[in-house]
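The sequence and structure are shown first.

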Amino acid sequence: MKVSRRIVTINRERCVKCGFCESVSICHGGGKCIGCLACYYACPYEARVLRLEEVECGLIKITVDGVEYAVPEGFSVKEALEAIGIKFVEPGSKGLTAPCGLGGCWACAVLIDGGLERACITPVKYGMRVELDVEGVEPLRIVHGPQPHRIGGKATPWWEVDGVRYVEAAIWLAGCNLRCPQCQNYHVTYDNSSRPMTPLEAARRLTVCRKVYGTSGLAVSGGEPTLNRRWLIEFFRCLRNMNPGARLHLDSNGTILTRSYVDELVEAGCNNIGIEPKAIRLETYMGITGIRDEELAKRYLENSWNILEYVVSSYSDRVYVGAGFAYNPAWMSLEEVAEIGDRIASIDPRLQVTVLDYFPIFRRRDIRRPAVSMMLEVKRVLEERGLRTVIVQTSVGHFGPGGRATPY
Ligand code: FES
């Protein structure tokens, strides 16, 4: 049969042999491109070329939940499942979902020949036995860290940072649904080669780190932590049981959080949430996130703001909330900063707001890190809009409420 296939090849002229595709985001296709696009999105030098090809393709037999199907060979398991009519639901929902497509989040994992494996990057093979119900199986996810952190994230209570060496013990989770060309943490985001951990293992390691460094908080960031809902909820449950009364911090882009997901997180022990809507204008948001589908970008942007409002209005009494966005004059004007300030002030002028000064990295090595004076100008603009708790990250440290400065 003839099928339309996505094929990714290497553009040798752009490739700088950085080794990222051999050590971090590796091909799981077994020597043949299966069109999963993980390497296409991950290459820091954009040395991968995507093309669509009409190819003659044989059929192979696999079983799904005990039923035999013929699927085109050379597909990923996810594509093969879709070809027989199995639907992947919206990211953040319960059920089969594939939010990163990079091999990092493990949200798409199904049982393949008895073991948990990622549907998005695993090639389909003759005779493969796939089982979709993984409810009783411990979820997995690629985890970086733990490491102690001096400053914390956008929702780390600003007053806790003063006078301590480390304020949080943190882990970072692989996989993201955004494609930010200036991803500040791309070695984590695009990692599909590290051994994944269960929530219990990650919680144990993070707890040890907290004890060693005596931190008040424990944090999870990414990548985007919310992509694998089952993993994250279980992780917070384990963490709460091991650290009763501690501050448990989630750092999220807010794009796929739903009200029920937030309710479940709070129920599981999460009591400190940072949401980063990143921008307020759609065009800016699309530039920052690399999301080219306008409808999807609009949905993500609106969801981030709406869920921030929901967390503040429903949980301010038991969850310390922070908002954040990334400033660089390459993509944002001070007028937009003021608009962001107005939107946050309309939610709650006391809300902690952290502005990060994004530096050149990943696919945007052409930008310049904003000067300290620029970041202080951003702080002034936000405070003029009525915000009372503004923190800006600069190359020399964080500047916060009342002119407080925390050097690195
Ligand atoms: S969607 Fe497959 S690992 Fe994230």
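## Helix 8 against helix 10

Arg-259, Val-262 and Val-266 in helix 8 meet Ile-307, Tyr-310, Val-311 and Tyr-315 in helix 10; two residues are in contact if their C-beta atoms, placed from the backbone, lie within 7 Å. By class, this contact of helix 8 with helix 10 has six nonpolar, no polar and one charged residues. Ala, Val, Leu, Ile, Met, Phe, Trp, Tyr, Cys and Pro count as nonpolar, Asp, Glu, Lys and Arg as charged, and the others, Gly among them, as polar.

The model is predicted: local features need pLDDT of at least 70, side-chain atom pairs count only at pLDDT 80 or more, and totals for chains, interfaces and linings use all residues. Residue numbers start from 1 along each chain as its sequence is written.

Helix 8 (residues 259-267) and helix 10 (residues 294-315) pack at about 45°, with axes 10 Å apart. Axes are lines fitted to C-alpha atoms, for helices over the stretch in contact, and angles run from 0 to 180 degrees between N-to-C directions. The two helices, helix 8 and helix 10, are therefore oblique to each other (angles under 35 degrees count as roughly parallel, over 145 as roughly antiparallel, 65 to 115 as roughly perpendicular and the rest as oblique). Helices (H or I, at least four residues) and strands (E, at least two) are DSSP runs, numbered from the N terminus.

## Helix 9 against helix 10

Helix 10 also packs with helix 9 (residues 282-289), at an angle of about 100° and with the axes 10 Å apart. Helix 9 and helix 10 are therefore roughly perpendicular to each other.

On the helix 9 side, Leu-282, Tyr-285, Met-286 and Thr-289 meet Ala-297, Lys-298 and Leu-301 of helix 10. The residues of this contact divide into five nonpolar, one polar and one charged.

Five strands form an open sheet in the order 4-3-7-5-6, with mixed pairing; two strands pair if DSSP finds at least two bridges between them. Strand 4 (67-72) and strand 6 (115-118) are the edge strands, each pairing on one side only. From one strand to the next, the twist averages 40°.

Strand 3 (residues 59-64) pairs with strand 7 (residues 129-131) in the parallel sense, over two bridges. Val-64 stands opposite Val-130 in strand 7.

## Two domains

The chain is divided into domain 1 (2-131) and domain 2 (141-407), with bounds from an automatic or database domain assignment. Taken over C-alpha atoms, their centres are 30 Å apart.

In domain 1, 21 residues are in contact with 27 residues of domain 2. Helix 2 (residues 38-42) gives the largest share of the domain 1 side, three residues. That side divides into 14 nonpolar, five polar and two charged residues.
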